[in-house]
Amino acid sequence: MNDTASAPGKAPGGRVSAARERLLRTAGQLFYAEGIHTVGVDRLVAEAHVTNATFYRHFRSKEDLAVAYIGGVDRTIRAQIDSLAAADAPPDAVLRGIGASLVEQIRSPGYRGCAFLNAAAEYPDPEHPVHRAVVEHRAWFLRTVTGLFAAITAAESAYAGRHFVMLRDGAMSAGYLGDPVVAGETLRRGIDGLLRVHAARELGEDAAAPGGAPDAPAVADVACAPPPPGA
């Protein structure tokens, strides 16, 4: 799925606004490559070849533009998945198609990780509009892949959907921070394995039963977040 695209805007009367489209395109490129907080309005205005007055005519603030940027990425991904589903392929093929698109993105030049996870890291306040836009997209994506798993079999489809999203998140982070080829191949194999296990649930096979493997021992002293102040 393409995590970098943005959608054109409309001028009054429904006409496409060329200036707003340039601002969104410029924001999509700069926000994704460098981060939302790093890029100021002056630079956006200069690189989009518009005036400050034009910027504020279309967007109340840079954060308003950031919400529009996230919304554009969201719409692009929805359209991509809709096109996969419209091909009348079986649900497992659609899920593999989503995975193949992610692998292609991870391996593409200029890849900087997941636009949604990056934006959420910059706006950790759950009440902030940018953060809410990220959460809304992720909720839709989870519902979509869960529905595809449910179309294979309803058994444990919620578990399979969550597992798919975690595979996606991990691969997109690993593809940026490590070897994108290895990350992409690991994602592909992970999706294949998840689909095999999920399809087996329909047949009631023991291998597909959750919790069949013994619990792994707890690992202590692994810090996944900065220590609290004063610690």
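A residue is called buried when its relative accessible area is under 20%, exposed when that area is over 50%, and partly exposed in between, with a 1.4 Å probe and protein chains only. Buried residues in this sense make up 41% of the 231 residues in the protein chain. The model is predicted, so local features need pLDDT of at least 70 and side-chain atom pairs count only at pLDDT 80 or more, while totals for chains, interfaces and linings use all residues. Residues are numbered from 1 along each chain as its sequence is written, and side-chain values use heavy atoms, with hydrogens and water left out.

**View 1. The protein chain is built from nine helices and has zero strands.** Helices (H or I, at least four residues) and strands (E, at least two) are DSSP runs that are numbered from the N terminus, and read in that direction the elements run α-α-α-α-α-α-α-α-α. A contact means heavy atoms within 4.5 Å; among contacts between residues at least 6 apart in sequence, 66% join residues at least 24 apart. The accessible surface of the chain comes to about 12,500 Å², and 57% of this surface belongs to carbon and sulfur atoms. Such areas come from the Shrake-Rupley method with a 1.4 Å probe, and for residues only the protein chains shown count as cover.

**View 2. The largest nonpolar core has 56 residues.** A nonpolar core is a set of buried Ala, Val, Leu, Ile, Met, Phe, Trp, Tyr and Cys residues joined through side-chain atoms within 4.5 Å. Inside this core, the residues with the most contacts are Phe31, Ile98 and Phe164. Two or more residues each are given to this core by α1, α2 (41-48), α4 (62-86), α5 (91-106), α6, α7 (129-152), α8 and α9 (180-203), and α7 gives the most, with nine residues. If residues up to four places away in sequence are not counted, Phe31 touches Ile36, Val39, Leu44, Lys62, Leu65, Ala66 and Tyr69.

**View 3. The largest pocket has a volume of about 170 Å³.** Pockets and cavities are found on a 1 Å grid over the protein atoms alone: a cavity is a set of points where a 1.4 Å probe fits but cannot get out, a pocket is an open set with protein on both sides within 12 Å along at least five of seven lines, and lining residues have an atom within 4 Å of a point. Grid points are joined across faces, edges and corners, and a volume is the space filled by probe spheres set on the points. Of the 13 residues that line the largest pocket, Arg112, Gly113, Cys114, Asn118 and Tyr176 are the closest to its centre. At least two lining residues each are supplied by α1 (18-34), α6 (115-122) and α8 (157-177), and the largest share, four residues, comes from α8. The lining divides into seven nonpolar, four polar and two charged residues, where Ala, Val, Leu, Ile, Met, Phe, Trp, Tyr, Cys and Pro count as nonpolar, Asp, Glu, Lys and Arg as charged, and the others, Gly among them, as polar.

**View 4. One cavity of 30 Å³ or more is found in a search of the whole structure.** About 30 Å³ of space lies in the largest cavity, and α7 and α8 are the elements that give two or more residues to its lining. The residues that line the largest cavity are His137, Arg138, Phe141, Val165, Arg168 and Asp169, and by class they are two nonpolar, one polar and three charged.

**View 5. His49 and Val50 both lie in the loop between α2 and α3 (52-58).** His49 has a positive phi of about 60° although it is not a glycine, and His49 counts as exposed because its relative accessibility is 66%. Val50, by contrast, counts as buried because its relative accessibility is 12%. Leaving out residues up to four places away in sequence, Val50 touches Ala19, Arg22, Leu23 and Val45; from Val50 to Ala19 the C-alpha to C-alpha distance is 6.6 Å, although the two are 31 residues apart in sequence.

**View 6. Arg96 lies in helix α5.** With 35% relative accessibility, Arg96 counts as partly exposed. Apart from neighbours within four places in sequence, Arg96 is in contact with Asp192 and Leu195. The C-alpha atoms of Arg96 and Arg188 are separated by 7.8 Å, while these residues are 92 residues apart along the chain.
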